Amino acid sequence: MLTSVTGFAIRRPRIVVVAWILALVAGFGIGIGVFGRLTGEISSGSGTESARGQDRIESTGPEQPAITAVVHGKPADDPAVLSEVDAALTDVRAIPGVVEVSPPQPSARTGEALIVSVSLRSEDETEAADAVAERLHEISAAEVAVSGGPLTEAEFGTQAQEDVQRAEMLTTPVVLVLLLLIFGGLIAAGLPLLIAIAGVGGTFGILYAFSEVTDVSVYAIQVTTMLAVGLGVDYALLMVNRFREERAIDPDVRAAATRTAASAGRTVFFAGLTVALALAGLVVFSDPFLRSMGFAGMAVVLVDMLAALTLLPALLVLLGRRIKPAKPQAAGGFFARVARGVQRRPLGTMLVTTAALLFVALPALDLRLGLGDPRMLPADAGTRQLYDALATHYPEETHLIRSRPSPPFPPPIPASPRYASGSLVWTASRGSRQYPSPPT
């Protein structure tokens, strides 16, 4: 089968190249839509007590999306703040798609913040969330942090897309320079990058298809680009280097490409299958984070492998005459000397290598594992600002920032709200601090 696949690419290189161009146009054109469908949720793990509790909650009915707002920076009993918050919440209740607005609760920790939760209808959540956030940000008497629900999902998706673009802008020139130093020619150096780009585009399309039937974690994008570039360059380096060696023996391009596919191509095939099968173990998990890692990893490995076994041989046939044959290597090269030294002193080499590995692994003794949280986002992101405000004024409520918080949250302070003429009147107290009602 492998011989048939690579043989077709060598016999019909233009057809293969055109097919890959169409696939990449579809992958980047349609697959880029996966960024709007990413989820930042990471479950507690199936079988855990918290997971069982979450299952019981979900069994009671569908979970309503909600956003959370914290008005902070001024005392919670400031008349100007209370007046603006009261007016804003009155307007928020009139926004289409808003189901419920919780009474603002002062911070028992600092007394300089008010927290509000706004429940939304699922079918109108995006438009309603944007409208609510826009109205609450109009409060000028204090600072306002608003996020959660669809706002948080959008920010994580946008940040993932920006991270991918930034990573590509930083790594692509560095990789290209290194490949130029290795191959000494622009065409030979560019082929590994083309395979990496093919891997990214193809995997975006596959992840978009996955998003139609299951959740795709925002972290799957980082895994995709990381593996696509690493494996694409790795596979193409092996193939192109072997092609140059074969051309040094026989200058015929097609014959050299055939021998390259039969030798290095087989290595790429079995290496790709091994990695893909290893990553397939993650697919069995119910958590979208782990499942997405498995799907994304398998997809990118298989796409990179397919590109290396079809697109790359086709490009070698079309461009191979412009790739310089490898220069004859002396028998006593650097790696040959290293190998001979290791064979002469195996015990010493093992001890030195083990000591070096242990030294590198020492920081793992202080390793602290944890789930991702909004601190991963830039300081100017709404979700990050809300997290920081909650950590300062409502540290017990930082759990509210996830993709879909459960509204309404338990009030941190006993409160007695009532509504009169569309205005909110409330009193709340804890300890010796008394919060007066805002004017009606």
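Predicted model: local features only at pLDDT ≥ 70, side-chain atom pairs only at ≥ 80, totals over all residues.
Is Arg135 buried or exposed? With a relative accessible area of 17%, Arg135 is buried, because the cut-off for that class is under 20%. Setting aside the residues within four places of it in sequence, Arg135 is in contact with Ala87, Ala88, Asp91 and Val92.

The protein chain contains 13 helices and 10 strands. Of its 440 residues, 42% are buried. The accessible surface of the chain amounts to about 22,800 Å², and carbon and sulfur atoms account for 62% of that. If we take the contacts between residues at least 6 apart in sequence, 73% of them join residues at least 24 apart.

Val5 belongs to helix 1, residues 2–11. Its relative accessibility is 33%, so Val5 counts as partly exposed. Which residues does Val5 touch, once those up to four places away in sequence are left out? They are Leu309 and Thr310.

Now let us follow the chain to helix 6 (residues 149–183) and helix 7 (residues 186–211). These two pack at an angle of about 150 degrees, and their axes are 7 Å apart. Angles over 145 degrees count as roughly antiparallel, and helix 6 and helix 7 are therefore roughly antiparallel to each other. The crossing of helix 6 past helix 7 is right-handed. On the helix 6 side, the residues that meet helix 7 include Val164, Glu168, Leu176 and Phe183; their counterparts in helix 7 include Leu186, Pro192, Val200 and Phe204. Sorted by class, this contact has 13 nonpolar residues, one polar and one charged.

Our last stop is another helix pair, helix 8 (residues 219–249) and helix 9 (residues 253–280). Here the packing angle is about 155 degrees, with the axes 8 Å apart. Helix 8 and helix 9 are therefore roughly antiparallel to each other, and helix 8 passes helix 9 in a right-handed crossing. What classes of residue make up this contact? There are 12 nonpolar, five polar and four charged residues where helix 8 meets helix 9.

How values were computed: Residues numbered from 1 in each chain as written. Heavy atoms only, no water. Helix = DSSP H or I, 4+ residues; strand = E, 2+ residues; numbered from the N terminus. Buried < 20%, exposed > 50% of the residue type's maximum accessible area, 1.4 Å probe, protein only. Contact = heavy atoms within 4.5 Å. Areas by Shrake-Rupley, 256 points an atom, 1.4 Å probe, with all protein chains shown as cover. Axes fitted to C-alpha atoms, helices over the stretch in contact; angles between N-to-C directions. Parallel < 35°, antiparallel > 145°, perpendicular 65-115°, else oblique. Left-handed = near helix turned anticlockwise from the far one by under 90°. Nonpolar A, V, L, I, M, F, W, Y, C, P; charged D, E, K, R; others polar.
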